[in-house]
Amino acid sequence: MNIILTGASRGIGYSTALSLCKYSIQNLVLISRNADALKKLKAECNEINKEVNITIISGDLTVMTKKADLFYERLPFNQLDILINNAGYLVRKPFKEMTDADIIHMFDMNAVTPSIFVRMLLNYLMVSPSSHVVNIGSMAGFQGNSKLPGLSYYSASKAALASITECLAIEYKDTTVHFNCLALGAVQTEMLKEVFPEYKSAISSLEIGKYIAEFALNGHKYFNGRIIPVATSNP
Ligand SMILES: NC(=O)c1ccc[n+]([C@@H]2O[C@H](COP(=O)([O-])OP(=O)(O)OC[C@H]3O[C@@H](n4cnc5c(N)ncnc54)[C@H](OP(=O)(O)O)[C@@H]3O)[C@@H](O)[C@H]2O)c1
């Protein structure tokens, strides 16, 4: 089993990596800009399971997706079984105060870059007998869910990611690749603390990391092209 996980340096991604290591996997590629955090994570993962070969790729995903050849050179495999597009970006501001840069970077990180990453890795995913792309969405972008003020473009960018997931599942339905999107509710992470300091979520990143790891490994047997709400409240 070969896995790529983006946004692994903290929060949900960090916890997902720790959970993935409890399973019998061969290769886990961890991506984010913070190389030191990834090194620490690698050591913790290998304490859990020394059999997992962990590759760190540190850098900005928005740049990495523009230099595909350099990225391929660093991959320790030719077949990818699971891609977890977890890295994301959130700016909370009133609509009128959102800058062009805020808007563009949110759409880039939350929808454009994850989809380009899928495109870059399609040939690797298609040679797996059964592969799974898990896009980490948000209840903020889940159709019909109550929306929160200040999250207009975050919600819209996560809705775009959800929609891309549905489209890819149709376009690649005759291949071995499955696509799903987990629309997460609030999870207690650094991101949540920075953006909603007044709010405390009852869900820890360790709990949700365990759920994402299990879903990434098994969810494609039961779902394809689904946007799955992972929340008990609205919003
Ligand atoms: N926490 C919540 O309540 C919640 C709820 C719903 C959905 N989500 C979604 O769940 C995912 C993880 O959330 P989180 O709370 O764990 O967020 P977080 O603590 O802010 O972590 C985000 C991760 O993305 C990485 N990242 C950001 N920009 C990057 C870039 N340009 N290149 C490479 N890596 C980049 C960060 O690493 P570096 O800074 O090291 O690059 C970090 O590892 C996000 O997609 C978020 O939208 C979170």
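In which kind of crossing, left-handed or right-handed, does α1 pass α2? You will find the reply in the first view below.

This is a predicted model, where local features need pLDDT of at least 70 and side-chain atom pairs count only at pLDDT 80 or more, while totals for chains, interfaces and linings use all residues. Residues are numbered from 1 along each chain as its sequence is written, and side-chain values use heavy atoms, with hydrogens and water left out.

**View 1. Helix α1 (residues 11–20) meets helix α2 (residues 35–48).** Their axes (lines fitted to C-alpha atoms over the stretch in contact, with angles from 0 to 180 degrees between N-to-C directions) come within 9 Å and cross at roughly 25°. That makes α1 roughly parallel to α2 (angles under 35 degrees count as roughly parallel, over 145 as roughly antiparallel, 65 to 115 as roughly perpendicular and the rest as oblique). The crossing of α1 past α2 is right-handed. Tyr14, Ala17 and Leu18 of α1 are among the residues in contact (heavy atoms within 4.5 Å).

**View 2. Helix α1 also meets helix α8 (residues 205–218).** Here the axes come within 7 Å and cross at roughly 60°, so α1 and α8 are oblique to each other.

View 3. A polar backbone atom of Leu61 is 2.9 Å from a nitrogen atom of the ligand. In the side chain of Thr189, an N or O atom is 2.6 Å from a ligand oxygen atom.

How values were computed: Helix = DSSP H or I, 4+ residues; strand = E, 2+ residues; numbered from the N terminus. Left-handed = near helix turned anticlockwise from the far one by under 90°. Polar contact = N/O pair within 3.5 Å; in protein donor to acceptor, adjacent residues only side chain to side chain.
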